[in-house]
Amino acid sequence: MRLTSRKKEILSYFEPDNREWVTGEIGQPPFDVSGLAYLLHGMGSFVKRHQVESTRRTLEAMVKDGLFEKITSYE
């Protein structure tokens, strides 16, 4: 497992110091791919689909490495 800067940034969103800010930006956990893409790339992630796909691939790799658990949420 390689802990890239992108993975480190995503993990930092779950630290207690950042939790209030993250919750204010994208809501309560569980976080979705588009919400995390917004935190990583800003408003451009809604226009540039490849940024959302890149974030999805990073999250899938983190699930595979055991850093996250994938759940399906129906709303």
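Modeller: On a 1 Å grid over the protein atoms alone, a pocket is an open set of points with protein on both sides within 12 Å along at least five of seven lines, and its lining residues have an atom within 4 Å of a point. A volume is the space filled by probe spheres set on the points, which are joined across faces, edges and corners. The model is predicted, with pLDDT of at least 70 needed for local features and 80 or more for side-chain atom pairs, while totals for chains, interfaces and linings use all residues. Residues are numbered from 1 along each chain, and side-chain values use heavy atoms, without hydrogens or water.

Colleague: What volume does the largest pocket have, and which residues lie nearest its centre?

Modeller: Its volume is about 710 Å³. The lining has 24 residues, with Phe31, Asp32, Val33, Leu59 and Ile71 nearest the centre.

Colleague: Why is Leu36 called buried?

Modeller: Buried means under 20% relative accessible area with a 1.4 Å probe, protein chains only. Leu36 has 3% relative accessibility, and therefore counts as buried. Leu36 is found in α3, a helix being a DSSP run (H or I, at least four residues) numbered from the N terminus.

Colleague: What makes α3 roughly perpendicular to α4?

Modeller: Axes are lines fitted to C-alpha atoms over the stretch in contact, with angles from 0 to 180 degrees between N-to-C directions. The two axes come within 9 Å and cross at roughly 110°. Since 65 to 115 degrees counts as roughly perpendicular, α3 is therefore roughly perpendicular to α4.

How values were computed:
1 Å grid on protein atoms, 1.4 Å probe; cavity = no way out; pocket = protein on both sides within 12 Å on 5 of 7 lines; lining within 4 Å. Helix = DSSP H or I, 4+ residues; strand = E, 2+ residues; numbered from the N terminus. Buried < 20%, exposed > 50% of the residue type's maximum accessible area, 1.4 Å probe, protein only. Parallel < 35°, antiparallel > 145°, perpendicular 65-115°, else oblique.
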